[in-house]
Amino acid sequence: MGSKPRLPVFKGKETKAMDPSFLKAFPEFQVNPFSEEEDIAQGEKRKYIKPTSQNDPKLEALQTFFMDWINTTLKHEHIVVKSLEQDMYDGLILHHLIEQLGSLSLEVEEIALTEKKQRLKLEIILKSVNQCLQLEESKLKWSVDSIFRKDLLSTLHLLVAIAGHFQPELAIPPNVKVDVINVEYTANGFKTEDAVEYITGNREPDESSSQAEMFDELMTYAPEKVDAVKEVFLKFVNRHVGKLGLSVKDIDSQFADGVILLLLIGQLQGYFLNLGDFFLKPSSPAEMVHNASLAVDLLMDGGLLDVPINPEDLVNRDMKTTLLVLYCLFSKYKTKEA
């Protein structure tokens with residue numbers, strides 16, 4: 001069996017020879033050489049900040065912001081961070097930061113000298129962090145591997161999530177995005193795709209932001225807050241449908257057939273929907289889509305929804321769509337007496 005290909009990782013401006021096969025696949029990197037190389041397994045996917053974004057002023061400002069934040073937070077421990085990639089990868093500073101912010105006590109070695117022990121320490125710390133953030137593994141934008149190999153993009157995503165969870169009032173620089181290249185090593189060679197990666201979003205939506213954009217940002221940049229939003233909406237909904245003898249316990253599923261949504265709209269807007277206009281007990285997807293379409297039309301006609309949505313997304317239990325519809329009602333009727 002042949003050895004795994006060497007995949008260079010862009011770290012700075014040092015000149016170092018690169019794998020010719022990689023240069024052929026990624027000619028843009030010939031101008032910006034890499035400072036080190038590492039193995040990539042077949043089927044593995046990685047994401048790299050393009051050299052064109054390395055010196056982006058917003059990216060540099062975000063790095064400076066987090067270094068200052070960490071140094072201020074850990075000032076009493078005389079810890080000074082000068083490079084996020086180089087200083088955060090082994091878990092030592094991350095350990096102190098999490099204990100300070102979350103008043104946690106992690107059972108890890110204070111000083112891990114070998115690479116094996118450093119990696120194990122980082123794994124324990126990230127497991128604790130992920131549990132605190134209550135994020136599904138599929139939602140994580142970092143991993144033990146990516147942090148340990150000093151990946152700047154993963155490190156920034158991790159710090160944004162930690163800061164947003166433990167200090168949500170922190171004024172993190174908004175609207176930081178970078179050009180990235182997604183790399184996958186397949187049996188046929190390197191497969192690449194250009195993309196734009198958002199690291200931070202708007203801290204506060206401006207007046208021109210649509211409702212859909214607001215929920216895009218919520219789902220993307222503050223997924224740990226979604227459960228809290230659901231809880232607020234649940235209380236709001238039950239306050240108004242309770243008089244009909246209804247109770248909603250699961251936002252994810254109980255709005256899919258459109259029935260409770262239509263009854264809620266009628267309660268809030270003060271009219272009774274003709275039972276001949278919708279299916280009170282829908283027995284097929286088509287009947288559910290009919291109900292959802294009627295609900296969307298009522299919201300659009302009433303000026304409550306500022307963007308068109310696909311009724312089928314409601315039926316298919318798309319969480320962002322469901323929350324968006326409920327937000328439209330909540331934002332207008334949150335002070336209405338039941």
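Student: How many residues does the largest nonpolar core have?
Tutor: In this predicted model, the residues with the most contacts inside that core are Phe66, Trp69, Ile70, Leu84, Leu94, Trp142 and Ile199. The core as a whole has 44 residues.

Student: Which element gives the most to this core?
Tutor: The elements that give two or more residues include α3 (57–73), α6 (115–133), α8 (152–166) and β4 (177–186). With nine residues, the one that gives the most is α8.

Student: Which residues does Phe66 touch, not counting residues up to four places away in sequence?
Tutor: Phe66 is among the residues with the most contacts inside the largest core. With those up to four places away in sequence left out, Phe66 touches Leu84, Leu156, Leu159, Val160, Ala163 and Ile172.

Student: How many residues are in the other core, which lies apart from this one?
Tutor: Leu261, Val307, Leu323 and Leu324 are among its members. That core is of 37 residues.

Student: Are helices α12 and α15 roughly parallel or roughly antiparallel?
Tutor: The axes of α12 (residues 259–269) and α15 (residues 319–333) come within 11 Å and cross at roughly 15°. Angles under 35 degrees count as roughly parallel. Therefore α12 and α15 are roughly parallel.

Student: How many nonpolar, polar and charged residues has the contact of α12 with α15?
Tutor: From α12, Leu261, Leu264, Ile265, Leu268 and Gln269 meet Val325, Leu326, Leu329 and Tyr333 of α15. By class, the contact has eight nonpolar, one polar and no charged residues.

Methods. Residues are numbered from 1 along each chain as its sequence is written. This is a predicted model: local features need pLDDT of at least 70, side-chain atom pairs count only at pLDDT 80 or more; totals for chains, interfaces and linings use all residues. Side-chain values use heavy atoms; hydrogens and water are left out. Axes are lines fitted to C-alpha atoms, for helices over the stretch in contact, and angles run from 0 to 180 degrees between N-to-C directions. Helices (H or I, at least four residues) and strands (E, at least two) are DSSP runs, numbered from the N terminus. Angles under 35 degrees count as roughly parallel, over 145 as roughly antiparallel, 65 to 115 as roughly perpendicular and the rest as oblique. Contact means heavy atoms within 4.5 Å. Ala, Val, Leu, Ile, Met, Phe, Trp, Tyr, Cys and Pro count as nonpolar, Asp, Glu, Lys and Arg as charged, and the others, Gly among them, as polar. A nonpolar core is a set of buried Ala, Val, Leu, Ile, Met, Phe, Trp, Tyr and Cys residues joined through side-chain atoms within 4.5 Å. Buried means under 20% relative accessible area, exposed over 50%, partly exposed in between (1.4 Å probe, protein chains only).
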